[in-house]
Amino acid sequence: MRGLMMSLLLVSMSFVFGQVRNTISVHDKTFVDRAAQTGISEVEFGKLAQEKGESQFIKTYGFKMEIHHAELNRELEDLAALKNLTFPIELAQDKQRKLNELSMKSELDFDNSFIDLMIEEHENAIGLFEAHLQNGENLDLKKWVEKKLPALKEHLDEAREIKNYLQQR
């Protein structure tokens, strides 16, 4: 009898912990939406940098943003699908406005405006990811965030290096 009770307790505990792992909170849903919007915009900003950038550093960085963030988006979209979350496919209005403003810059202004935007966007993305590590509930999402955060920090460091280079020329 005691063994049966212990078995039932273990089964119910594993069920409860499994449910916690797969639970999606409002914070988790908001994170997926905001992270997706950030990723989608990074791809679009990167494409624009390849077209309009004057410096080869800007063009190369733009290519990297397009490729890296497209991959992050695919991974997040797959994870969102597993959690039955909708994944946005269009830019949010604020991101579209920033893209439009950036596209209107002259070649002389574009490089500095682009790299300033990349610094701002990556600082915001890092803040979003770090907040999710603290406040997110879904363990799978938190693991994904933990794996991807170093790449975002690397992108920010690279953007700061490019900004320094642009200021010195």
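Reader: Which residues have the most contacts inside the largest nonpolar core?

Author: In this predicted model, those residues are Phe-114, Ile-115, Met-118 and Phe-129, within a core of 40 residues. A nonpolar core here is a set of buried Ala, Val, Leu, Ile, Met, Phe, Trp, Tyr and Cys residues joined through side-chain atoms within 4.5 Å. Buried means under 20% relative accessible area, exposed over 50%, and partly exposed in between, with a 1.4 Å probe and protein chains only.

Reader: What does Ile-115 touch, apart from residues up to four places away in sequence?

Author: Ile-115 touches Ile-58, Tyr-61, Ala-159, Ile-162, Lys-163 and Leu-166. Contact means heavy atoms within 4.5 Å.

Reader: Turning to His-132, is it buried or exposed?

Author: His-132 is buried, with a relative accessible area of 0%. This residue is found in helix H5 (residues 107-135).

Reader: And with which side chain does that of His-132 make a polar contact?

Author: The partner is the side chain of Asp-28, at 3.3 Å. A polar contact is a pair of N or O atoms within 3.5 Å; within protein, one must be able to donate a hydrogen and the other to accept it, and residues adjacent in sequence count only if both atoms are side-chain atoms. Leaving aside neighbours within four places in sequence, the residues in contact with His-132 include His-27, Phe-31 and Leu-141.

Reader: How accessible is Leu-133?

Author: Leu-133 counts as partly exposed, at 24% relative accessibility. Its C-alpha atom is separated by 8.5 Å from that of Lys-143, ten residues apart along the chain.

Reader: A change of topic: where is Asn-84?

Author: Asn-84 lies in the loop between helix H3 (56-82) and helix H4 (93-103). Asn-84 is exposed, with a relative accessible area of 71%, and has a positive phi of about 60° although it is not a glycine.

Reader: How many helices and strands are there in the protein?

Author: There are six helices and zero strands. Of the 169 residues, 41% count as buried.

Reader: What conventions apply?

Author: Residues are numbered from 1 along each chain as its sequence is written, and side-chain values use heavy atoms, with hydrogens and water left out. As the model is predicted, local features need pLDDT of at least 70 and side-chain atom pairs count only at pLDDT 80 or more, while totals for chains, interfaces and linings use all residues.

Technical notes
Helix = DSSP H or I, 4+ residues; strand = E, 2+ residues; numbered from the N terminus.
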